[in-house]
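These are my notebook entries on one protein structure. I record what I looked up, one topic at a time.

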Amino acid sequence: MAQAVKGTRDLFGNEMKWFQRIEDTARRVCSRHGYEEIRTPILEEIEVFKRSVGESSDIVNKEMYEFMDKGGRHVVMRPENTAGVVRAMIQHKLLVNNDPRLLYYIGPMFRYERMQAGRYRQFWQIGAESFGVASPESEAENLMMLFAFLRELGLKHLNLSINSVGTPECRPAFHKAIREFFQAREERFCEDCHRRIEANPLRVLDCKVPGCQAALAGHPVITDYLDEASRQHHARLKELLTALGIPFEENPRLVRGLDYYTRTAFEVLSSDLGAQSALVGGGRYDGLVKHLGGPEVPAFGWAIGLDRLAILMQQLHGEAPLNPPALLIPLGEAASLKALTLAQDWWDQGLAIQLETRGVNLKKALTSANRQGTRFALILGDSELEKGVVAARNLGAGTQEEWPLEEVPARLRN
RNA sequence: GCGGCUGUAGUUCAGUUGGUUAGAGCACUGGAUUGUGAUUCCAGGUGUCGGGGGUUCGAGUCCCCUCAGCCGCCCCA
């Protein structure tokens, strides 16, 4: 039997309902903060990711769905959406003036990874990016939006960690210090760390091997190496978050997986997700737009895993609420035609009505209506036709009464 | 990419040291009731035991391969 490709899945039923709920909430919250939706192609030229995400990253090294298309273009199914959004901004010259540009996106991403609960090869992200503002205030605003979103979903057990990874100017001094620290106790670190210290020294800091964590005791702290502007920036953000009542913890070992971050980096972890606990990742990436060929524009943003959000929603709230439409059940040929014209009228008025069109007997129609969780079955037989009513049966209560046809819309709405 | 575990009906699961016709609950289907579901009664097993190969007189059970999922690692959302 044919089945979905490994690591991909069909969204339907309860999970789909949570996806809808989450997306609706995201659109509402983002809109009221002045963010507009953008949709970029799933396919991008490979260079977009090599130049932004970084050639040293695992995403680019081993996780990209890449192939040659029929025109000989080397393309990639996007592993994340920030690079694509920036590419679109540059291509359409959306950054020529000095106005901020606030964008959000919702869509599927692809990474060729080993499957695990909460980790798929096709997964979904919601992201928000703020372009053209460099201030800590813009970061606070953006994070307020994120936490408003999470709060409206009713999520709990979330931990915000923040750090500053400095700038390309001050980072080399820290790299030098960490390399020297590492080399002094080289034998105590794992094999992966030996690889990391060359490719991306910051990543050694969040190695999860216990021996490495022990060896890291007393390691140089990046916040000690920040230039004055970055230090003030970081301090100001912490001050704002504290004043705004957004709880966070400072984590000097926090490093994001992508090369493009500058200054603020953060993540939100959930203790309810098992091994794949990262729910949100984000930060500032002031150099990226220019790096991809655009003007020098500061930027800040985050991406949240929709699949993992849905897991949390399911854990916290159980099954997504059902709200099936009322079911109109005609009995006999005359009623069938009348039901179609009635339904047309009610649909035009925006009512949620489903038609029983199988021609099955009343017993079967009620059985399946009940199974779907339908609240009202509207029975339309010969006697009802004659009287101009429907027999409205409340399937939850087991009660039944006659409703004049013209009163049906009003009665269903209350 | 590395290590471990799992896969039997729609679903949750049982299935003995390899043994003949693979079971149970729930769900489902038909009927009691051709205009009344959810309650009751009667009847019904709906299956490529994930797939392929091997061992054997005989495989759901043992072996190999493979596919899918889960857990951990790597990494990340």
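**Entry 1: salt bridges.** I began with the term itself: a salt bridge is a side-chain nitrogen of Lys or Arg within 4 Å of a carboxyl oxygen of Asp or Glu. I note also that the model is predicted. In general, side chains of opposite charge can pair when their charged atoms come close.

I looked up Glu228 and found a salt bridge with Arg231, with 2.8 Å between the closest N and O atoms. Both Glu228 and Arg231 belong to helix α9, which covers residues 228-244. They are 3 residues apart, about one turn of the helix. Glu228 has 44% relative accessibility and is therefore partly exposed. Arg231, with a relative accessible area of 39%, is also partly exposed. I then found that Glu23, Arg27, Glu37 and Arg39 are joined into one network by salt bridges that share partners.

I searched the whole structure and counted 23 salt bridges. One of them links Arg9 to Glu15, and its closest N and O atoms are 2.7 Å apart. Arg9 is partly exposed at 22% relative accessible area, and Glu15 is partly exposed at 24%.

Are the partners Arg119 and Glu113 buried or exposed? Their side chains meet in a salt bridge of 3.8 Å, N to O. Buried means under 20% relative accessible area.

**Entry 2: an open sheet.** I traced an open sheet of 5 strands in the order β13-β12-β14-β15-β16, and its pairing is mixed. Which strands stand at the edges? They are β13 (353-355) and β16 (399-404); each has a single partner strand, so one side of each is left without a neighbour in the sheet. On average, neighbouring strands of this sheet are turned by 30° against each other, direction ignored. As a general point, strands of a sheet pair through backbone hydrogen bonds, either parallel or antiparallel.

I examined one pair in detail. Strand β12 (residues 326-330) runs parallel to strand β14 (residues 376-380), and 4 bridges join them. Within this pair, Ile329 is opposite Ile379 of β14.

I also recorded the helices on this sheet. Helix α13 (residues 362-372) packs on the sheet and touches β12, β14 and β15 (389-394). The direction of α13 makes about 170° with that of β12. Helix α12 (residues 333-348) lies across β12, β13 and β14 and runs at about 155° to β13.

**Entry 3: a nonpolar patch.** I found that Ile42, Leu43 and Phe67 make a nonpolar surface patch of about 230 Å². Phe67 is located in strand β3 (residues 65-68). With 34% relative accessibility, Phe67 is classed as partly exposed.

Entry 4: Most residues other than glycine have a negative phi. I located Lys93 in the loop between α4 (82-91) and β5 (101-110). Lys93 is exposed, with a relative accessible area of 58%.

Where does His157 lie? His157 is in the loop between α5 (136-152) and β7 (158-164). At a relative accessible area of 49%, His157 is partly exposed.

Note on methods. Residues numbered from 1 in each chain as written. Chains lettered and ligands numbered in written order. Predicted model: local features only at pLDDT ≥ 70, side-chain atom pairs only at ≥ 80, totals over all residues. Heavy atoms only, no water. Pairing = 2+ DSSP bridges. Helix = DSSP H or I, 4+ residues; strand = E, 2+ residues; numbered from the N terminus. Axes fitted to C-alpha atoms, helices over the stretch in contact; angles between N-to-C directions. Contact = heavy atoms within 4.5 Å. Patch = residues over 30% accessible without salt bridge, like charges linked within 9 Å, V, L, I, M, F, W, Y side chains within 5 Å. Areas by Shrake-Rupley, 256 points an atom, 1.4 Å probe, with all protein chains shown as cover. Buried < 20%, exposed > 50% of the residue type's maximum accessible area, 1.4 Å probe, protein only.
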